[in-house]
Amino acid sequence: MATILYARVSTADQTLDHQKAQAEAAGFMIDQVVSDHGVSGVSTSLKERKEGRRLFDMLRKGDTLVVRWVDRLGRNYQDVTDTIREFMRRGVIIRTVINGLTFDGATTDPMQEAVRDALIAFMAATAQAQAEATKEAQKAGIAAKKEREPRAYLGRKPSYDRQALEMVTDMLHQGAGTSQIAKAAGLSRQAVLRIKADPVHAEVALSAWEEKTG
């Protein structure tokens, strides 16, 4: 029986090393670490991630899957609930570092099952709501800046394109470090830091150039 930490990496304070250190500080003895880098937890299910697929292949009955919180498994309600329930059916125990929660299929008491399933559903819904609220707030900020200063951000052409900006944004939401993001996106650390400091400005600047060259 193995204890496996799964980490989805993206934002300066949620690097792989940080997530592993948090788990060990919480008392987990980690046998193996599986991690995905630079993938969106909202649009990409766990089974669609390279290392996520490997996780499904390697986990066996009696194994313990450790995650910082359920949002590491995904930020889509259906994906997270389906994933946790499938692992429980396999006899895998899921434990979170934050709040120290444990989910398993050991109980046969219907009331305990109902409470467990309600908690899983609540946490999965919270993860998706947080992700969607962040994106909506960012969209609102972009629209407001465009309305106030429609050409103020034309300036020098950004060093990033649409694909690179989306990759940086996703990785920042997930928890990767600056150097890691820069390498994945093909940008300088300074460019990543500027996007991190003001993502709305970055989006407006790129949109202005896209409209100009349209």
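The largest nonpolar core in this protein chain has 24 residues, and Tyr-6, Leu-55, Leu-65, Ile-84 and Phe-87 touch the most other members. By nonpolar core I mean a set of buried Ala, Val, Leu, Ile, Met, Phe, Trp, Tyr and Cys residues joined through side-chain atoms within 4.5 Å. Buried is under 20% relative accessible area, exposed is over 50%, and partly exposed is in between, with a 1.4 Å probe and protein chains only. At least two residues of this core come from each of strand 1 (3-9), helix 2 (50-58), strand 3 (64-67), helix 3 (77-89) and helix 4 (110-148). There is also a second, separate core of 19 residues, which includes Ala-7, Val-9, Met-171 and Ala-176.

Before going on, the ground rules. This is a predicted model, in which local features need pLDDT of at least 70 and side-chain atom pairs count only at pLDDT 80 or more, while totals for chains, interfaces and linings use all residues. Residues are numbered from 1 along each chain as its sequence is written, and side-chain values use heavy atoms, with hydrogens and water left out.

Now the overall layout. The protein chain has eight helices and five strands, in the sequence pattern β-α-β-α-β-α-β-β-α-α-α-α-α. Helices (H or I, at least four residues) and strands (E, at least two) are DSSP runs, numbered from the N terminus. Of the 214 residues, 45% count as buried. Among contacts with a separation of 6 or more, 71% involve residues 24 or more positions apart; contact means heavy atoms within 4.5 Å.

The five strands form an open sheet in the order 2-1-3-4-5, with mixed pairing. Two strands pair if DSSP finds at least two bridges between them. Strand 2 (32-37) and strand 5 (102-103) are the edge strands, each pairing on one side only.

Strand 1 pairs with strand 2 in the parallel sense over six bridges, and with strand 3, also in the parallel sense, over three bridges. On the strand 2 side, Val-9 has His-37 as its bridge partner. On the strand 3 side, Thr-3 is partnered by Thr-64, and Leu-5 stands opposite Val-66.

How many residues of strand 1 are buried? Seven of the seven are, so strand 1 is largely enclosed by the rest of the structure. Thr-3, Leu-5, Ala-7 and Val-9 point one way from the strand, and Ile-4, Tyr-6 and Arg-8 point the other way.

Now the helices against this sheet. Helix 1 (residues 16-25) lies across strand 1, strand 2 and strand 3, at about 145 degrees to strand 1. Helix 3 lies across strand 3, strand 4 (93-96) and strand 5, at about 130 degrees to strand 4. For these angles, axes are lines fitted to C-alpha atoms, for helices over the stretch in contact, and angles run from 0 to 180 degrees between N-to-C directions.

In helix 2, the buried residues are Glu-51, Gly-52, Leu-55, Phe-56 and Met-58. Their cover includes strand 1, strand 2, strand 3 and helix 3. Leu-55 and Phe-56 are also among the contacts of Phe-87, which include Leu-46, Leu-59, Leu-65, Val-92 and Ile-94 once neighbours within four places in sequence are set aside.

One last residue. Asn-99 lies in the loop between strand 4 and strand 5. Most residues other than glycine have a negative phi. Asn-99, not a glycine, has a positive phi of about 75 degrees. Asn-99 is exposed, with a relative accessible area of 60%.
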